[in-house]
Structures are given as C-alpha cells and as structure tokens.
Amino acid sequence: MTGATTVAQRLDALGLVLPMVAAPVGAYVPAVRTGTHVWTSGQLPFVDGQLVVTGTVGADVAVDTAAQAARTAALNAVAAVAHLLAADSGATALAALDQVVRVVKLTGFVASTPGFTAQPAVLNAASALLHEVFGDAGVHVRSAVGVAALPMGSPVEVELVVEV
C-alpha cells in the first residue's frame with residue numbers, strides 16, 4: 001500500500017469495495033452523528049444482503065472463519081460511517097471517509113460456546129482492517145465480548161465509534 005494516502009486509495013490497494021449499508025431490520029438507523037463522533041449500530045457480516053456464515057464460534061464456526069466474518073462486519077461499519085458522512089457533507093461516500101480523524105472504539109460481540117475464550121482472536125481481523133484502511137488513525141480501543149447468540153444466527157457483530 002505504498003503511496004496510498006486517502007481512505008479510497010487504501011481500500012483500492014487492499015482490493016476492497018465499500019459495500020452498501022444494510023437496511024435496518026428494526027427501529028434504528030445504521031449510524032448517527034453527535035458532535036464530533038459517529039456511532040454505528042451493530043453491523044453483521046452481510047455480503048450482498050446475505051450473512052456470510054451463521055453459527056456459534058467454538059461449535060460449528062471455526063475461529064478463522066469467524067475472524068473473516070468480523071472483518072466483513074467491520075467493513076460494513078465503515079460503510080455505515082461513510083454513507084452518513086456523505087449524506088451530511090454532499091461528498092461521495094469514499095471521499096467522506098477522509099473526514100475520519102480517528103477510530104475511537106470497536107466493540108465486537110462473538111456468539112460463543114460456554115468456555116470459549118478466544119473472542120479477541122476473532123476480533124483481531126476487524127481491528128487489523130481498521131488499521132489498514134485508516135492508517136494510524138485506525139488504531140483504537142476495543143472490547144471483545146462473548147455472547148450466547150446474535151441476531152439472525154450471526155457469529156459476530158461489530159460496532160464503531162469514530163471521531164470526525
């Protein structure tokens with residue numbers, strides 16, 4: 001990624017396309033801005049409207065598979081931020097991402113079996129994606145939480161807080 005200076009250039013260098021934001025399945029919005037922060041709703045690993053994997057990590061979903069799903073969910077959270085900022089500024093979604101000053105926090109939930117303790121390993125892929133996309137501004141604090149189940153049988157859910 002040498003020479004990649006904008007978020008759009010970094011995404012391109014990574015071979016990633018910013019996805020469309022998944023339509024809410026309840027009474028909420030994908031992202032909201034308050035002051036200098038954007039908060040996303042929990043994002044699932046949707047690709048083209050379908051979950052990439054379902055199940056519980058430690059039973060029927062391998063850690064590596066769940067990690068890739070967490071990476072996808074993180075990209076979906078970035079898309080939620082981008083589309084909100086674009087709507088507010090009139091910029092394209094990709095250009096709007098250059099308004100991000102810092103990724104403040106990633107919270108990740110992992111549907112896990114009792115006794116499973118590798119939630120941080122699952123979420124490392126999401127954290128790495130944010131660093132790859134935003135450079136040093138993508139370094140963040142994080143919580144990795146094991147839960148019994150997630151919406152629609154998803155193995156992971158990711159939410160972000162970014163400063164703009």
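So, the largest nonpolar core: it holds 44 residues, and the members touching the most others are Leu18, Val38, Leu97, Val100, Val122 and Phe134. By nonpolar core I mean buried Ala, Val, Leu, Ile, Met, Phe, Trp, Tyr and Cys residues joined through side-chain atoms within 4.5 Å. Buried is under 20% relative accessible area, exposed is over 50%, and partly exposed is in between, with a 1.4 Å probe and protein chains only.

Before I go on, this is a predicted model, where local features need pLDDT of at least 70 and side-chain atom pairs count only at pLDDT 80 or more, while totals for chains, interfaces and linings use all residues. Residues are numbered from 1 along each chain as its sequence is written, and side-chain values use heavy atoms, leaving out hydrogens and water.

At least two residues each come from α1 (7-14), α2 (63-89), α3 (93-96), β5 (102-111), α4 (119-134) and β7 (156-163). Which helix gives the most to this core? That's α2, with 15 residues. Helices (H or I, at least four residues) and strands (E, at least two) are DSSP runs, numbered from the N terminus.

Take Val100 as an example: leaving aside neighbours within four places in sequence, Val100 is in contact (heavy atoms within 4.5 Å) with Val81, Leu85, Phe134, Val162, Glu163 and Val164.

Now have a look at α1. Val7, Arg10 and Leu11 are buried there. Seen down the axis of α1, the buried residues fall within an arc of 100 degrees, so they line one face of the helix; the arc is taken from the directions from the helix axis to the C-beta atoms. The cover over those buried residues includes α2, α3 and α4. Just past the end of α1, Gly15 has a positive phi of about 75 degrees.

On to pockets. A pocket here is an open set of points on a 1 Å grid over the protein atoms alone, where a 1.4 Å probe fits, with protein on both sides within 12 Å along at least five of seven lines; lining residues have an atom within 4 Å of a point. The largest pocket has 18 lining residues, and Pro19, Phe46, Val47, Asp48 and Asn76 are the closest to its centre. Our friend α2 turns up again, with the largest share of that lining, 5 residues.

In the second largest pocket, 14 residues make up the lining, and the closest to the centre are Val25, Tyr28, Gly42, Leu44 and Phe46.
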